[in-house]
Each structure stands twice: as C-alpha cells, then as structure tokens.
Amino acid sequence: VYISLLTVADVNIELVDVLNSNGHKYSVYKGLVSWDTAVAICREKSEYLVAPTDLQEVRFLSRALASSHLGIKYVWLSGRMERGGWVWSMTGDLMPMEIQDDGYPPWIIEEQEKGDCLVLDASVQDKPYFSGINCTNLHSFICEQDTQSNKHVFTLHGYEYLFFSEKLSWPQASLACESENAKLAAIEDRNTVLFVAKNMVKAMEVPHALWLGAHRNTDGTWEWILNGEELSARNNYERGYPIWADSPEDKGWDCLSFETATSARKRSYFVQKHCDTAQAYLCQR
C-alpha cells in the first residue's frame with residue numbers, strides 16, 4: 001500500500017496506520033519529533049495529540065502498536081506537567097497523580113517527574129504505562145479526532161456507503177476505509193451515481209468532491225480496488241455511465257474523484273486527480 005510522506009516544518013513523518021474505536025479516529029505517525037512539533041502537526045490537521053482517558057483506550061492503542069510490527073514502542077501523549085500537576089493540553093483537564101482502583105492512569109510512579117511531557121510506553125503490549133520525559137526528546141505520535149459527527153451512512157442494494165467529510169489524500173482515505181472494515185467505494189452503474197450524488201447533499205455541508213476506490217494501473221487501465229473490476233476510460237452517454245469530466249488519458253493523475261453537479265456543470269462526473277489532493281471520501285462495505 002502506498003502511504004504519502006508528509007513534510008511539516010522540515011520534519012519527515014509517515015502516516016503508517018489509521019485506527020477507529022468508539023467514535024474516535026487515531027492517525028499513527030512514525031517519525032522522530034519533539035512533543036511541541038507533534039502538537040503542532042496534529043493541530044495543522046485539525047486534530048489533537050492523543051489523550052487516552054481510560055485504561056481501555058490505553059490498552060487499545062498499546063495493542064494496536066504492538067500488533068502492527070512498525071517498531072513503535074513510545075508515542076507522545078497530550079499530557080503536560082503544569083503548575084505541579086499533569087493536565088491534558090487539549091482540554092486542560094487534570095490527570096490523577098495516583099493510580100485509581102481501575103488501574104488508570106497506568107503510572108510508574110517514579111517515572112512521573114523525569115520530564116514535563118507525557119509518553120505512552122507500549123514496549124510491553126499487556127503492560128503499557130505513562131511516563132514523564134523531556135519535551136525535546138524525539139518520538140513518534142498519534143493524532144486523535146472525534147468522528148461521531150464526521151460520518152454519514154446510507155444503504156443501497158445491501159451495501160453500506162460511508163460518507164466522510166474529513167479531507168484526506170487518496171492513500172490516507174484508503175487506509176481510513178480499511179480501519180472501518182471497508183474499501184474506498186466502487187460506483188459501477190448510473191443508479192449508484194445518482195444515489196451517491198443525492199446523499200452527498202445530505203452528508204456534506206458543501207457537497208463537491210470525494211474520493212472513490214479506483215486508480216490507474218501502469219498499463220493505463222482503471223481498476224476498482226473493491227473487486228478488481230475494470231472501469232472504462234471511455235464515456236458512454238447513451239447509458240449515462242461512465243461519464244468523465246475529461247479524458248483520463250489527458251493527465252498523468254492516477255486516482256479517481258467523484259464530483260457533483262454545480263451551476264457550471266449540469267451533471268456529476270468522474271474526475272482524475274493527483275492522489276495527494278486532500279478531500280472527502282466514500283467507503284463501501
């Protein structure tokens with residue numbers, strides 16, 4: 001799977017996994033950055049540095065890191081020492097300084113005061129713990145986002161279509177769909193085109209464009225990743241499907257976008273785009 005490489009403030013980071021749990025999305029970034037840089041990158045993406053607020057969430061993240069074989073043992077959390085106590089920087093909420101009856105926060109007490117920024121030590125999968133370290137140390141990190149209001153689900157012919165207004169590149173959107181046990185969607189007939197166009201209006205404040213699950217192969221053919229079927233690169237105006245905004249041979253862009261009708265364009269079209277373009281996306285399962 002191709003995953004885009006981001007460069008933020010001359011720091012190279014790589015989005016290596018996207019996880020979903022209990023209405024939250026977790027974007028796992030591999031790369032050595034300071035705590036302040038991790039906070040800035042998450043904010044740039046309209047997300048926040050992860051703040052696991054119960055033991056179940058801590059264990060979920062720890063197990064995901066251990067099972068991904070990415071070699072990530074430590075990740076920054078959004079906790080910071082302020083005025084003698086640990087707080088979640090994104091909310092200002094205080095963290096207990098002592099372990100509660102439910103085992104949270106999973107402190108190793110002597111590790112609390114070694115620094116002013118918080119990491120999750122996931123080096124032992126079933127025994128994750130919080131540790132305070134120097135904020136200038138370099139670690140990977142996880143950005144978090146509440147997705148409860150970000151997802152809309154509609155059903156057609158036994159399939160669920162999941163509309164996400166969050167803007168991602170095509171490779172990132174593909175990963176995000178996989179985390180929902182889905183794939184970027186395949187639109188394979190005119191009725192589904194109309195269904196998607198209609199529900200985009202319901203799901204998105206400004207319906208315009210979203211990623212679909214087709215890409216161009218090295219031989220120039222277009223293929224749906226959902227089922228491996230070929231998408232014709234020729235318009236068929238008689239059937240009304242497929243309808244491309246321009247010929248897919250005109251540009252060297254390899255990912256498929258679906259764009260709704262506008263005042264200047266009287267119908268919805270397939271549009272080829274550069275895969276790094278950030279836009280909404282549609283999953284199918």
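1. The largest cavity in this predicted model has a volume of about 50 Å³. A cavity here is a set of points on a 1 Å grid over the protein atoms alone where a 1.4 Å probe fits but cannot get out, and lining residues have an atom within 4 Å of a point. Grid points are joined across faces, edges and corners, and a volume is the space filled by probe spheres set on the points. The count comes to two cavities of 30 Å³ or more.

2. On conventions: the model is predicted, with local features needing pLDDT of at least 70 and side-chain atom pairs counting only at pLDDT 80 or more, while totals for chains, interfaces and linings use all residues. Residues are numbered from 1 along each chain as its sequence is written, and side-chain values use heavy atoms, with hydrogens and water left out.

3. The lining of the largest cavity consists of R190, V193, G240, Y241, P242, I243, F258, S268, Y269 and F270. Two or more of these residues come from each of α4 (190–203) and β17 (269–273); helices (H or I, at least four residues) and strands (E, at least two) are DSSP runs, numbered from the N terminus. By class, seven of the lining residues are nonpolar, two polar and one charged. In this classification Ala, Val, Leu, Ile, Met, Phe, Trp, Tyr, Cys and Pro count as nonpolar, Asp, Glu, Lys and Arg as charged, and the others, Gly among them, as polar.

4. The second largest cavity has a volume of about 30 Å³. N20, K25, F164, A176, C177, E180, Y281 and C283 form its lining, with α3 and β18 each supplying at least two residues. The lining divides into five nonpolar, one polar and two charged residues.

5. Two residues of that lining, C177 and C283, are bonded to one another in a disulfide with sulfur atoms 2.0 Å apart; a disulfide is a pair of cysteine sulfur atoms within 2.5 Å. The link is left-handed, with -85 degrees about the S-S bond. C177 sits in helix α3 and C283 in strand β18, 106 residues apart, and the pair links distant parts of the chain. C177 counts as buried at 0% relative accessibility, and C283 is buried at 0% as well. Buried means under 20% relative accessible area, exposed over 50%, and partly exposed in between (1.4 Å probe, protein chains only).

6. What is the pattern of the disulfides along the chain? The structure holds four disulfides, and with bonded cysteines counted along the chain they follow the pattern 1-4, 2-3, 5-8, 6-7.

7. C42 and C143 form another disulfide, with 2.0 Å between the sulfur atoms. Its S-S torsion is about -90 degrees, so the disulfide is left-handed. C42 lies in helix α1 and C143 in strand β9, so this pair ties together parts that are 101 residues apart in sequence. C42 is buried at 0% relative accessibility; C143 is buried, also with a relative accessible area of 0%.

8. C255 and C275 are bonded with their sulfur atoms 2.0 Å apart. Here the torsion about the S-S bond is about 95 degrees, so the disulfide is right-handed. Because C255 lies in strand β16 (residues 255–259) and C275 in the loop between β17 and β18, the pair ties together parts that are 20 residues apart in sequence. C255 is buried at 2% relative accessibility, and C275 is buried with a relative accessible area of 18%.

9. The largest nonpolar core has 33 residues, of which L49, W76, F141 and Y281 touch the most other members. Such a core is a set of buried Ala, Val, Leu, Ile, Met, Phe, Trp, Tyr and Cys residues joined through side-chain atoms within 4.5 Å. Elements giving two or more residues to this core include β2 (11–21), α1 (35–44), β9 (139–146), α3 (170–178) and β18 (279–284). A second, separate core of 26 residues includes V58, L70, L118 and I142.

10. Which residues does L49 contact, leaving aside neighbours within four places in sequence? L49 is in contact (heavy atoms within 4.5 Å) with W35, A38, V39, C42, W76, L77, S78, M90, F141 and I142.

11. The second largest pocket holds about 190 Å³ of space. A pocket is an open set of grid points with protein on both sides within 12 Å along at least five of seven lines. Its lining has 13 residues, with N22, H24, Y26, D54 and E57 nearest the centre. β3 and α2 (55–67) are the elements that give two or more residues to this lining, and α2 gives the largest share, three residues. By class, the lining has five nonpolar, five polar and three charged residues.
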